[in-house]
Amino acid sequence: MLFKNFNNNDGQSLTEAALIMPLVSFFLFTVIWFGQIMLTWQQLVGAARYGTDLISYTPFSKIYIEQDIVNYLCDKKTIGRTLNEDKLKVVVKIYDVKKMDFTLSLDNISNLNPLDFISNIGALNPFTEDKSYVEIVYSYDMPFVFKLMGKESIDIK
């Protein structure tokens, strides 16, 4: 046996795996990271809905609602994932809007004036500038791989 057999392919699969494995692990890491971002975004949406419900249905002050939202997201007693309070910013704006009275009674029916109803429709206009809202921003740290691209954190609203 003077000549060796050069058709041996034993090392080819190992070389291909070594070249592809960093790419596969990067994509897997990216999918997991994106899932965490989506989970955080969903938590912020739920907290904003909770805050707008507090604005609509309770007489609580702006400061109380902001603190209640922070507790809702960051308290250690919360079931599930808790967020870091230092990276959370909650803004609540409450505007007093004239509310329509839809109760029916004999007094309301006897004193019913259609012009009053038409004048109250302006209070329900969704395009007015004075709307109550809750804005929540969470600063999410970027993973090491993405920090190499120059971005330290991403804000989720």
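This is a predicted model: local features need pLDDT of at least 70, side-chain atom pairs count only at pLDDT 80 or more; totals for chains, interfaces and linings use all residues.
A residue counts as partly exposed when its relative accessible area falls between the 20% under which residues are buried and the 50% over which they are exposed.

The overall layout comes first. The protein chain contains 5 helices and 3 strands, and from the N terminus these follow one another in the order α-α-β-α-α-β-α-β. Of its 157 residues, 22% are classed as buried. The accessible surface amounts to about 12600 Å², with carbon and sulfur atoms contributing 61% of that area. When contacts between residues at least 6 apart in sequence are considered, 63% of them connect residues at least 24 apart.

The surroundings of Ile69 can be followed residue by residue: beyond its neighbours within four places in sequence, Ile69 contacts Ala47, Gly51, Val90, Val92, Val134 and Ile136.

Helix H1, which spans residues 12–57, also includes Thr40. With a relative accessibility of 0%, Thr40 lies under the 20% limit and is therefore buried. The side chain of Thr40 makes a polar contact of 2.6 Å with that of Arg81. Apart from residues within four places in sequence, the contacts of Thr40 are Arg81, Leu83, Tyr138, Tyr140 and Ile156.

Once residues up to four places away are set aside, Phe26 touches Val145 and Phe146. Although Phe26 and Val145 are 119 residues apart along the chain, 8.7 Å separates their C-alpha atoms.

Charged side chains complete the picture, with 2 salt bridges counted. One of them joins Lys62 and Glu66, with an N to O distance of 3.9 Å. Both partners sit in helix H2, 4 residues apart, or about one turn of the helix. Their accessibilities place them in separate classes: Lys62, at 40%, is partly exposed, whereas Glu66, at 18%, is buried because this value is under 20%. Leaving out residues up to four places away in sequence, Glu66 touches Val90, Val91 and Val92.

The other salt bridge pairs Asp141 with Lys87 at an N to O distance of 2.6 Å. This pair connects distant parts of the chain, since Asp141 is in strand E2 and Lys87 is in the loop between H2 and E1, 54 residues apart. Asp141 has a relative accessible area of 40%, a value between the two cut-offs, so this residue is partly exposed. Lys87 is likewise partly exposed, with a relative accessibility of 28%.

Methods. Residues are numbered from 1 along each chain as its sequence is written. Side-chain values use heavy atoms; hydrogens and water are left out. Helices (H or I, at least four residues) and strands (E, at least two) are DSSP runs, numbered from the N terminus. Buried means under 20% relative accessible area, exposed over 50%, partly exposed in between (1.4 Å probe, protein chains only). Contact means heavy atoms within 4.5 Å. Accessible areas come from the Shrake-Rupley method with a 1.4 Å probe; for residues, only the protein chains shown count as cover. A polar contact is a pair of N or O atoms within 3.5 Å; within protein, one must be able to donate a hydrogen and the other to accept it, and residues adjacent in sequence count only if both atoms are side-chain atoms. A salt bridge is a side-chain nitrogen of Lys or Arg within 4 Å of a carboxyl oxygen of Asp or Glu.
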